[in-house]
Amino acid sequence: MMKKKIFSIMLGLAALTLVVSCSDDDNGPSNDPTCSDGIMNGDETGIDCGGSCTPCGEEPAETEDLEGEVTENTELDASIAYNLTGAYVVKSGATLTIPAGTTIKAAGGTAAFIGVERGATININGTASAPVVMTSGAANPAQGDWGGLVIAGDAPTNKGTDVTTEVGDLTYGGANAADNSGSITYLRVEYTGATFSNDKEFNGVSLFGVGSGTTFENVQSYMGGDDGIEFFGGSVDGINLVSIGSGDDSIDFADGWTGNGTNWYIADGAKAGIEGSNNGDDGDATPVTTTTLTNITVVGPVAEGALFFKEGGGSFTVDNFYVSGADLGINVKDTDVEANARIDADDLMISNIQFADTPSEFAATNYAGTNLDFYTEGVATGAGNGAAAPDWAAGWTIGLSNSAPSSQQNLAGEATGDVELDANIEYILTSGFVVKEGGSLTIPAGTTIKATGGTAAFIGVERGATININGTATAPVVMTSGVENPAPGDWGGLVIAGDAPTNKGVDVTTEVGDLTYGGANAEDNSGSITYLRVEYTGATFSNDKEFNGVSLFGVGSGTTFENVQSYMGGDDGIEFFGGSVDGVNLVSIGSGDDSIDFADGWTGNGTNWYIKDGAKAGIEGSNNGDDGDATPVTTTTLTNITVVGPVSEGALFFKEGGGSFTVENFYTEGIDLGINVKDTDVEANARIDADDLAITTIEFASPATGFEATNYAGTNMDFYSEGDATGAGNKGGEPDWATGWAIGFN
C-alpha cells in the first residue's frame, strides 16, 4: 500500500496550480523535448517546460514509488512524481482515484503495469489542460518500455465467464452489461506495449469485459509497442480516442464487444487502423461483436487496411469514416469464411467513407464477394477535421504530426446533408457523386475537381437537392479530366435534375445518371452555378447515350446558371432538357456534337452565348424528338449570340418541331450554313411558316465556301433579317465578360 505523505495546503495548491498552468498542449509532432519550439513534446509536461526542460514550476519535489496492491480507496496527489516500479493492482472492492495533472513514470518492462480487478474501480480525472499521463521513466523512452493499463470487468464476452486476461492475470467476464469499472477521462498513456512473447504483449489500454457503466472518454495511446487501445468484449463505449504510433493495430475490438465508438483519430499505426473481429477461435461465437462507429479518421500508411474486418468480424455500422494515405480501405481475407458471410448478409455497413491522399496501389477493399454495396463513399469529416488534428484533441494529446490537412481527396458516392468542399484540396472524382434530395453541395471559388472514372464519373444533383458553385472570374471552379493526357470523353459531366415542367412528362429519368426529374414547379430552385468550367466531358455509353458537359433536366427558374463554360466535351457542351432556367454568359468551345442544345419544352432565355469549334450545330433548338408538337412548347428569347465555325449542321439547327424562338444580335463567322431546317421536319417548317422563329440582326461574317443563309424551303423567307451584329460582345473575339475564367478562344 502506498505511503501517506502530508503537505501543507498552500504548498499543495501552489504545486497543483503550476502543473495545471503549464500543461497546455499544442499537439507537437516531435518525440524529443525541444524546450523552445512552442510545442509540448518529449517528456515536457507543459509547453517548453517540465520534464528534462524543468522550470514551468520545477519538477515535483516529492517522489513516490507505486507497486503492489491497492486494497482500500486511495487517491494519488498531482504534486507528487510517481514511479511505477512493478505491478500496481487495484483489488476488488477498492477504488483508485488519479487527479488531473498527475504523471506516472514506469520502469520495469512487463513487470510494470496498472491493473484494475473485476469489482474494483479506477477514476482518472484528467482535464484538457491537465491530463493524467502514464509514461516511460527511461531517459530515452521507446515503444514497449512498460506494460500499460489493464481493466477487467463483469460484462459479457464471447470468450466466456471468469476467464483470464491475456496480460496481468486478472479475471474478467460475467453477465452484467452495465458493470461499472469507474471513469477514465483525459488520460494519455505513452511507450507501453512491453512484450512477453510474440503472442503476448501489453496494449496501451486493455479493457476486458468492461461494462457500459464505465466512462471511457478522451484517452490517447502514444507510441505503444502493440495495439494502442483494445476492447476485449464488454459493452463500454469509447469516445474521443486517439492512437498515434502503435506498433500493431491502433484500436482493436473483439470477443463480442457491444459498445460504440465516437470520434476516433488514428495515425501512424504499423498494421490496421482499426481491427474489428468477433472471435479468433470461432468466428460465429456469441454474443457477436456489434458496434456503431461514428466520426472516424485513419491516417496511413497502414499495412493491414484502415479497417480490418477479421475473424468473423461482426455486425458493424460505420458512418463518417475519413481515410488518408492508406493503400487499402477495408481488409477482408478471402480465407475468413465467417467474415465474408457477414458482409454478404449486410452485417457490415459503411456510409460516407472518403479516401484521401491515395497511393497509386490504392484499393477501396479486397473483399471478393458479391455484396459490393456494403460501403458507400461520400464526403467525410472523420474525427472532426479529416486528416488534420481534431479540435477536441487540443491541449491533452501529443504527436499528431500527421495533423496537416489532406491535399487530395476522392469524391464518390453520395452527399446526404449539407456538404462544402475546400478550395485548398484537389478532388479526384473516381465514380458517380450524387447530391441526394434534401442535401446541398457547395463548391467555393478556386476548387478543382479531376475525374478519373470514365462513364462512371459524374456529378449528379437530385431533384430536391441543390448545388452552389461559387466561382469567380479570377478563381473559377474547374471540373476536368484527371488523366495525364486529357481528351474529350474522359469523364461524364455535371447532371442537374429539377422539378420544373418538361414536355417529356413528370417523374421521368435522365438520359444519364438515372435521376428523376420533371414536375409542375417552374420556379424550382436547384441552386446557383456561377463561374464554372467543365473540361473533357462527354463519356460515351452508346451511340445514343452520352454525357454532356452540363445537362439541366427540368431545372427551374429559381436556379442561377451564369458564367459557365464547356471545353472540349465529347458530346454536347451544355444542354437544357425542358425546365425554365435562364442561361447567361455561356461558353462552349470544342464540343464533339452540338455546342449548346435545348429541347423538351425549355422556356428559359439565353443571354451572351459564345460558341466555337463545335463539331455539329452551334445551337440545336428543338421541341421534342418523339412529338414535334408536344407541350409545353420550347419557347425562348436568345440575345447576344456568337457562333464561330466551321459547323457541320448550321449555326442554328431548328429541329424536331423547333418551338417559338426569338433571336436578337446573332453573329456568325466562318460557317457554311446559317439556319438549318430539314425539309422532312414538318412541325419545324410549319412553325417557321407561322412566324414562330424570328431572328433579327444576324451577321454572316467570313462565310465558308458554299455558304447559304438557310436551307429552309418554305414561303416565309422574312423570318430572319441580316445586319451588323456584335454577338456575345466582341463579334468572333473573346468577349470581355469571359476574361479570366474561360479558355480556348485562340
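Let's start inside the fold: Ser551 has a relative accessibility of 0% and so counts as buried (buried means under 20% relative accessible area, exposed over 50%, partly exposed in between, with a 1.4 Å probe and protein chains only). This is a predicted model, in which local features need pLDDT of at least 70, side-chain atom pairs count only at pLDDT 80 or more, and totals for chains, interfaces and linings use all residues. Residues are numbered from 1 along each chain as its sequence is written, and side-chain values use heavy atoms, with hydrogens and water left out.

**The chain as a whole**

- The chain folds into three helices and 56 strands (DSSP runs numbered from the N terminus: H or I of at least four residues for helices, E of at least two for strands).
- Its C-alpha trace spans about 110 × 55 × 40 Å along the principal axes.
- Of the 746 residues, 57% count as buried.
- Taking contacts between residues at least 6 apart in sequence, 66% join residues at least 24 apart (contact means heavy atoms within 4.5 Å).
- Carbon and sulfur atoms hold 46% of the accessible surface, which comes to about 25600 Å² (Shrake-Rupley method, 1.4 Å probe; for residues, only the protein chains shown count as cover).
- The chain carries 25 positive and 107 negative charges, and their mean positions are 6 Å apart. Here Lys and Arg count as positive and Asp and Glu as negative, while His and the chain ends are not counted; each charge is placed at NZ of Lys, CZ of Arg, CG of Asp or CD of Glu.

- Ser551 belongs to strand β43 (residues 550-553). Beyond residues up to four places away in sequence, Ser551 touches Leu494, Val495, Ile496, Glu575 and Phe577.
- Ala500 sits in the loop between β37 (494-497) and β38 (508-509), and its 0% relative accessibility means that it counts as buried.
- Setting aside neighbours within four places in sequence, the contacts of Ala500 include Gly518, Asn521, Asp524, Val555 and Ser580.
- Phe308 lies 192 residues from Ala500 along the chain, and their C-alpha atoms are separated by 47 Å.
- Gly578 is in the loop between β45 (574-577) and β46 (583-589) and is buried, with a relative accessible area of 1%.
- The C-alpha atoms of Gly578 and Asp600 are separated by 4.5 Å, although the two are 22 residues apart along the chain. Asp600 is also one of the contacts of Gly578 outside four places in sequence, as are Pro501, Leu552 and Trp602.

**Strand β18 and its partners**

- Strand β18 (residues 238-244) is largely enclosed by the rest of the structure, because six of its seven residues are buried.
- Strand β16 (residues 215-222) runs parallel to β18, joined by five bridges (strands pair if DSSP finds at least two bridges between them). Glu217 has Ile239 of β18 as its bridge partner.
- Six bridges pair β18 with strand β20 (residues 261-267), again in the parallel sense. Here Ser243 stands opposite Ile266 of β20.

**Helix α3**

- The buried residues of helix α3 (residues 682-689) are Ala684, Asn685, Arg687 and Ile688. Down the helix axis they fall within an arc of 160°, so they line one face (the arc is that of the directions from the axis to the C-beta atoms).
- An α-helix has 3.6 residues a turn, so residues three or four places apart point the same way.
- The cover over the buried residues of α3 includes β51 (652-655) and β54 (693-701).
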